[in-house]
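Let's take a walk through this model together. Have the sequence and the coordinates open as you read.

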Amino acid sequence: MPRDAKRGAALFEKHCEKCHRLGDRGFEVGPDLTAARTRPDATLLSDVLDPSSTLTHGFTVYTVATHDGRVRTGLMAGESA
């Protein structure tokens, strides 16, 4: 099927914008998706169906279990001694 900007915008709002930025919408937890507009359909579909297959540098997700049993998942904002 051909691309449909209206349907894509609705799907982005529902599933993607809490972590990704596209233009002036969304958040920068994951990579900015602005360049996705010009990507070939096959690679875009692959990334949508299996988003963890290729990780962009700086967006590796870490999971930490604390001694009191809590589990936290997120991105590393910085690293120092």
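Is Asp47 buried, partly exposed or exposed? Asp47 comes out as partly exposed, with a relative accessible area of 28%; on this scale buried means under 20% relative accessible area, exposed means over 50%, and partly exposed is in between (1.4 Å probe, protein chains only). Before going further, keep in mind that this is a predicted model, where local features need pLDDT of at least 70 and side-chain atom pairs count only at pLDDT 80 or more, while totals for chains, interfaces and linings use all residues. Residues are numbered from 1 along each chain as its sequence is written, and side-chain values use heavy atoms, with hydrogens and water left out.

The chain averages 87, and 100% of the residues score at least 70. Confidence is lowest in helix H2 (residues 41-49), at a mean of 85, and highest in strand E2, at 92. Helices (H or I, at least four residues) and strands (E, at least two) are DSSP runs, numbered from the N terminus.

Back to Asp47, which sits in helix H2. Asp47 makes a salt bridge with Arg39, the closest N and O atoms being 2.7 Å apart; the term stands for a side-chain nitrogen of Lys or Arg within 4 Å of a carboxyl oxygen of Asp or Glu. Arg39 is partly exposed too, with a relative accessible area of 28%. Setting aside neighbours within four places in sequence, Asp47 is in contact (heavy atoms within 4.5 Å) with Arg39 and Ser53. For a sense of scale, Asp47 and Ala10 are 37 residues apart in sequence and 18 Å apart in space, C-alpha to C-alpha.

The salt-bridge count comes to six, and some of these pairs join up: Glu13, Glu17 and Arg25 are linked in a network. Look at Arg25 and Glu13, whose side chains meet at 3.3 Å, N to O. Arg25 lies in strand E2 (residues 25-26) and Glu13 in helix H1 (residues 5-16), so this pair ties together parts that are 12 residues apart in sequence. Arg25 also meets Glu17, at 3.4 Å, N to O. Arg25 itself is partly exposed, with a relative accessible area of 30%, whereas Glu17 counts as buried at 19%. You'll find Glu17 in the loop between H1 and strand E1 (21-22). Leaving aside neighbours within four places in sequence, Glu17 is in contact with Phe12, Arg25, Gly26 and Phe27.

Phe27 takes us to the surface. Together with Val29, Val61 and Leu75, Phe27 forms a nonpolar patch with about 360 Å² of accessible area. Patches are made of residues with over 30% relative accessible area and no salt bridge, with nonpolar side chains (Val, Leu, Ile, Met, Phe, Trp, Tyr) joined within 5 Å and like charges within 9 Å. The areas come from the Shrake-Rupley method with a 1.4 Å probe, and for residues only the protein chains shown count as cover.

Leu75 lies in strand E4 (residues 71-75) and is partly exposed, at 34% relative accessibility. Val61 stands opposite Leu75. Strands E3 (residues 61-65) and E4 pair in the antiparallel sense over five bridges; DSSP has to find at least two for strands to count as paired. E3 and E4 form a hairpin with five residues between them, and Gly69 in the turn has a positive phi of about 95°.

Terms used
pLDDT = per-residue confidence, 0-100.
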